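Subject: Structure for you to look over

Hello,

I am passing this structure on to you. Please have it open while you read the notes below it.

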Amino acid sequence: MSVIITARIQGPSCSLSPRPQPLEPGSCLIPLGPGTMWSFTRRAALWVPLPRRLSPSPRPRNARTAVCGRPPGPSSGRPEGAGPAPAWSKVPQSPSWQPVEVCEFPEVTMEMIDHLERLALVDFRNQEGIERLADAIQFANQLHAVDTEGVEPMDSVLEDRPLYLREDTVTEGYCAEAILSNAKQVVEEYFIAPPGNIPLPKKEERDSFLQHSNR
Amino acid sequence: MALPLVGLCAWCRRALVSRTASRLTVVRGSARSPAAAAAATAAARDGRSKSKWMGVVGLEVHAQLCSNSKLFSGSRVQFSAPPNALVSFLDASLPGTLPVLNKHCVEAAVMTGLALNCTINKKSMFDRKHYFYADLPVGYQITQQRCPIAINGNLAYSLYVGKNRNHMMPKLVRIQQIQLEQDSGRSLHDDARTQTLIDLNRAGIGLMEIVMEPDMCCGDEAAAAVRELQLILQTLGTCHGNMAEGQLRVDANVSVHQRGRPYGVRAEVKNINSPRFLARAIDYEIQRQIDILENGGKILNETRAFDYKTGQTISMRDKEGKQDYRFMPEPNLPPLTIYDNETLSSNVNPQQVVNIDHIRELLPELPDAKRKRLVKKYGILAEHTFTLVNEDGLVQFFETVLDQTEANPKKVIGWILNDFLALLKQNNLSVNQSPITPSALAELLTLLEKGFISSSAAKQVFVELWKGEGKSAVQIVEQKKLGLIQDHRKLEQICQRVIEDHPSEISEIQQGNWKVLNKLIGQVQRATHGRAAPTVVKFILEKKLS
């Protein structure tokens, strides 16, 4: 049975720590008024001092919202909207980053796009896609502003860990049915693939090719 | 003026000159002879550029590792099995699988690196090589490109050169690197239904890619290097080295250039099934490139397949510029650390350790060392050691025979190579399957050495022994009465009778014509049914007639 705790609604000068009223045996607790959904978590939240930004904005205290007010705590004496962050907050209270100077917009040529499309089998589709690519390259180029003089490049976050070497025993395999179960076409336990290395159509044909493709 | 052919090996010079200049006299022997100089200047006058071409051949060898399970997954490695039966989820590239490296493959690669005098990198890294093909379901191959497991080695091999190809010249080819990589699956092209059947049993098997520097100049050198590499890998036990079964795949990068000029554009030749075809393919490709360049054409940087029926290379596909594999570090595998006795610390799990010094101790006797030892110990010719070492088990047979007989090693080697090996090849048997045991052969050779039988009789006994009916050499000699007559008096009697039967020959001899003596010896042999030793008979006859 879930327990819903109510707090007695008091006037504007109410105390800040509502205490649960003693229950009379047999009575049930009903949330009072529309919009005042009381729940255990809400009560718990009332005891957690909220950071200034997340705390409810100051508004005229009325009977309904009285107990939503700020609970007592170390910040209880702080005035609204002022001062440095509390000592426990890891979130910086003001922006701490400086914008990197904008590098020149990268030149993305049609040959490069062609080349990338063939290599990675991706489709940039139209000019907007290419511009998005150029934007992404410019965003990533900001990394060049970092000075990496004398720093070894890292290729894996696991670089400090030893590579595990497995003993040379047979532990897997013999599950042809499971392996082939996802394949669209299968012939006598072989996968079926289209004939190899069909060259991509040339650029002039590609636009019409795209229009007819069902992607 | 420097001779234009000096850069090539002697056999190449001969081959190229004889092929390209039919009007010139064929150069024999060393190119430094005056005849060669004259021929070279004549060539210089006629088709001057023809004789200046030098072939440059670099090999990329992929050797399939002999292990029980694959390089990154636990599926079995087996040559023939039902399609897709030996495939695990990683080999099928299903999402959520990760590669786990096989320790035995690492040890095999380190052993091969040590046998080829390479420097083993204590820290090597894995990369991904991206390309799209149906037999590579995951779209990339895990290989080692930046930092392979072994670098900078060399392979020493010998080449038959000279007029009769009987002179061995030692040669060296540098090895750029040895790396571990994954094999791809097998695709069977069904052109009738324009589809490809994919079998992933082979996908994920560990391969060692051995990249050699372009130090070779012709097909023969490449074939000799590959044969030597096959022998070394088989001796180490890391690879069976059977080219026909695809366990050793060789791709040749061939180009030609003129002496002093930069290297030419290279073409890659694939689909080669044996060292002999390798030599033919490379020679054809060098000649084709020379012909194109002579006629003012250009060589394309392409991949060509070798057709063994026609002996020609055919263009496979046009490499549109250089294939860009977009190498990237493999994020799922940290660097591979290999230890040696100095860097090994006690807090590392010994089961996880690959120790270079430990593996160096486990190295068996390599073919080259074996040959040198045979020459030193028994005094046989170097060429014979090559034939001995090439055949599996023959060295052991030879040494066992020598242990049990006192015959001269040089005579024994003659019997082994000429008679024994010939019969083995005729009947397509290996040394283990031979019906003649080493002790039987040793017995026969002892009889021969002690003079109980003649060499022709010994050959008859050998053929009898081959039938494998369980009789020993001594028994066969007794049964067939092949033993030489040891009784001197009986021999003298027979000689006397022959002398009395041929008075005209005697008178000729007494007049000084000693050549007729051979006829008399023949008569004695006929009378004794070949059981008389020719030298003894000659001695007796000469004694009687002088």
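This is a predicted model: local features need pLDDT of at least 70, side-chain atom pairs count only at pLDDT 80 or more; totals for chains, interfaces and linings use all residues.

Residues are numbered from 1 along each chain as its sequence is written, chains are lettered from A and ligands numbered from 1 in the order in which they are written, and side-chain values use heavy atoms, with hydrogens and water left out.

In residues 25-39 of chain A the pLDDT is below 50.

In chain B, helix 3 (residues 103-115) has 13 residues; helices are DSSP runs of H or I, at least four residues, numbered from the N terminus. Eleven of the 13 residues are buried, that is, under 20% relative accessible area with a 1.4 Å probe, protein chains only (exposed is over 50%, partly exposed in between). Among them are B:Cys105, B:Val110 and B:Leu114. At the start of this helix, a side-chain oxygen of B:Asn102 comes within 2.9 Å of the backbone nitrogen of B:His104. B:Asn117, with a positive phi near 60°, follows the helix.

Most residues other than glycine have a negative phi. A:Leu121 has a positive one of about 50°, and is partly exposed at 49% relative accessible area. B:Asn152 also has a positive phi, about 55°, and is exposed at 53%.

Regards

Note on methods. pLDDT is the predictor's confidence in each residue, from 0 to 100. Contact means heavy atoms within 4.5 Å. Helices (H or I, at least four residues) and strands (E, at least two) are DSSP runs, numbered from the N terminus. The expected span of a helix is 1.5 Å times one less than its number of residues. A polar contact is a pair of N or O atoms within 3.5 Å; within protein, one must be able to donate a hydrogen and the other to accept it, and residues adjacent in sequence count only if both atoms are side-chain atoms.
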